[in-house]
Amino acid sequence: MTRKKELFKGKKILQHTEHFIVKFNQTDALGIVWHGNYVDFFEDGREAFGRAYGISYKHLQDEGYATPIVKMYCEHKKPLRYADEAYIITTFIDDPAAKMLYHFQIFNAQNELVCTGETTQVFTDLNGNLQLNTPDFFENWKIKMGLK
């Protein structure tokens, strides 16, 4: 069973697709996207997902929470180059714990898989104190999205 199938098995998910064009400053001396910029692509995917589903970082802050990343995984398959058109599919994976799990797939314009990744975020208050219980607003959001 593939990592993606294991990750999604028996879980409810939400997905969002965001298109982008590779900028010149995202490439390295070899003319390909520098590997560290994929972290930014993941961030862009999470932000677009949040706007689309009403769970933006601004909303989290307004509720009194931050969601720092505590775990990240990234696997490169093919390079992207300057001016390439691409898209990222961001998948939110429901989990009963007080955390946010995202899976990412980046594809080029030929629909070839370029990169996969995952992030895990936990909840802290705005002073950085870890919250072990899932915040009420997040539980309510999951219900509204049909995840519960």
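Author: In this text, buried means under 20% relative accessible area, exposed over 50%, and partly exposed in between (1.4 Å probe, protein chains only). The model is predicted: local features need pLDDT of at least 70 and side-chain atom pairs 80 or more, while totals for chains, interfaces and linings use all residues. Residues are numbered from 1 along each chain as its sequence is written, and side-chain values use heavy atoms, without hydrogens and water.

Reader: Is Met-72 buried, exposed or partly exposed?
Author: Met-72 sits in strand β3, residues 69–76 (helices, H or I, of at least four residues and strands, E, of at least two are DSSP runs, numbered from the N terminus). Because its relative accessible area is 43%, Met-72 counts as partly exposed.

Reader: In which order do the five strands of the open sheet lie?
Author: Two strands pair if DSSP finds at least two bridges between them. The pairing is antiparallel, and the order is β1-β4-β5-β6-β3.

Reader: Which residue in β4 is the bridge partner of Ile-21?
Author: Strands β1 and β4 run antiparallel and are joined by nine bridges. In β4, Ile-21 has as its bridge partner Glu-85.

Reader: What is the angle between the planes of Phe-49 and Phe-92?
Author: The structure holds 18 aromatic pairs (Phe, Tyr or six-membered Trp rings with centres within 6.5 Å; stacked under 30 degrees, edge-to-face over 60, otherwise tilted). Phe-49 in helix α2 (residues 37–53) and Phe-92 in strand β4 (residues 85–93) are 43 residues apart, and both are buried. Their stacked pair has centres 6.1 Å apart and a plane angle of 25°.
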